[in-house]
Amino acid sequence: MSIKTSVAVVVVMLAAPILAVAQTQWVDDPSNPVIPAPDPGAWDAERYLGAVIEVDGTYHMYFSGRNSGPGVLYFEIGHATSSDGGVTWDMDDANPVMTFGDLGDWDDGTVWLGAVIHDESGFRMWYGGNDGQVCRAGYATSPDGSLWTKHPDPVMDVGPPGSFDAQWVLLDTVIVRDGHYQAWYWAAASQGVWRIGYAESDNGLSWTKHPGPVINSGFSPEVLFDGQLYSMWYSVGVSGDADISYAVSPDGVGWIPYSGNPIIEDAALPAVVYNSEDGIYEMWYGAYDFSIRRATSSCCGPVFFDGFESGDTTAWSATVP
């Protein structure tokens, strides 16, 4: 065994969080697109995927849609369900299931889907509300995933002028561990310059932000925790020219991007579910014609960056003589 290989093995053993069985290789579903491009006259003629969760064998998908409009205004939130593992979807007859607020409300310009979870209290959603100036994070609850009641006020405001989240905050993934909430959110100081922030909460309503971005270029973070390691799939680029990338983290704050990024090209807005029954990861993502596609991953090669090739030792968690 060479010296280089010996040292690499030591680093792998001592830096276990850096060695991750990673979902970086994905196979497109032969049924794609699982939700075809919308009709030009539909309420969701412009459709953007938000979240997918599984509840008692039924998959619930949430997305943002509008017929037309400028910038990020006039979006509403739609809902679809699937009983065959997320391949065949039925649109909710009540769509859109959430609309923007009345004139003068803090969310009277748009509502944009963020994160959805399900627990003993029912369905819980964090969404973005825009008044035409800034996007703040809101909160809503539902007994069935279709009929939603909004919390009256934003639960997270934008940052002060000059901060990385001065114009846009949208909680995109929320994970609850032992009663403690972790969230990763879209952030922007100006529209089109996206970063990913991190925040924590004891109740899902009052949030403490990490002081700076945890990903400097990216949006729509989808995060899963496997008991030891956090995995993030996120979008990089701009509208019409975005890809999906992957990163891992031992704590949800310090992230190591996969060296082979992007993992899916010409795609954005990933939603990922781990199917424990089949032992596979399932991803739904948006295509540029506003259709939604599905892909699966049953694991692949490890993500491991040791810095030997580049001379970058920032990924090491042990001092190597």
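What is the volume of the largest pocket? In this predicted model, where local features need pLDDT of at least 70, side-chain atom pairs count only at pLDDT 80 or more, and totals for chains, interfaces and linings use all residues, the largest pocket has a volume of about 750 Å³. Residues are numbered from 1 along each chain as its sequence is written, and side-chain values use heavy atoms, with hydrogens and water left out.

A pocket here is an open set of points on a 1 Å grid over the protein atoms alone, where a 1.4 Å probe fits, with protein on both sides within 12 Å along at least five of seven lines; lining residues have an atom within 4 Å of a point.

The lining of the largest pocket comprises 37 residues, and Val52, Leu224, Val272, Val273 and Tyr274 lie nearest its centre. Elements that contribute two or more residues to this lining are E3, E7 (110-119), E11 (168-177), E15 (219-225), E16 (230-238) and E19 (268-275). By class, the lining holds 20 nonpolar, ten polar and seven charged residues.

I turn to strand E3. An open sheet of four strands runs in the order E3-E4-E5-E6 with antiparallel pairing, where pairing requires at least two DSSP bridges. E3 (46-55) and E6 (90-91) are its edge strands. E5 (residues 76-82) and E6 are joined by two bridges, and Ala80 has Met91 in E6 as its bridge partner.

Finally, the chain as a whole. It contains one helix and 22 strands, these being DSSP runs of at least four residues (H or I) and at least two (E) respectively. Of its 321 residues, 53% are buried, meaning under 20% relative accessible area with a 1.4 Å probe, protein chains only.

Notes
Points joined across faces, edges and corners; volume = space filled by probe spheres on them. Nonpolar A, V, L, I, M, F, W, Y, C, P; charged D, E, K, R; others polar. Buried < 20%, exposed > 50% of the residue type's maximum accessible area, 1.4 Å probe, protein only.
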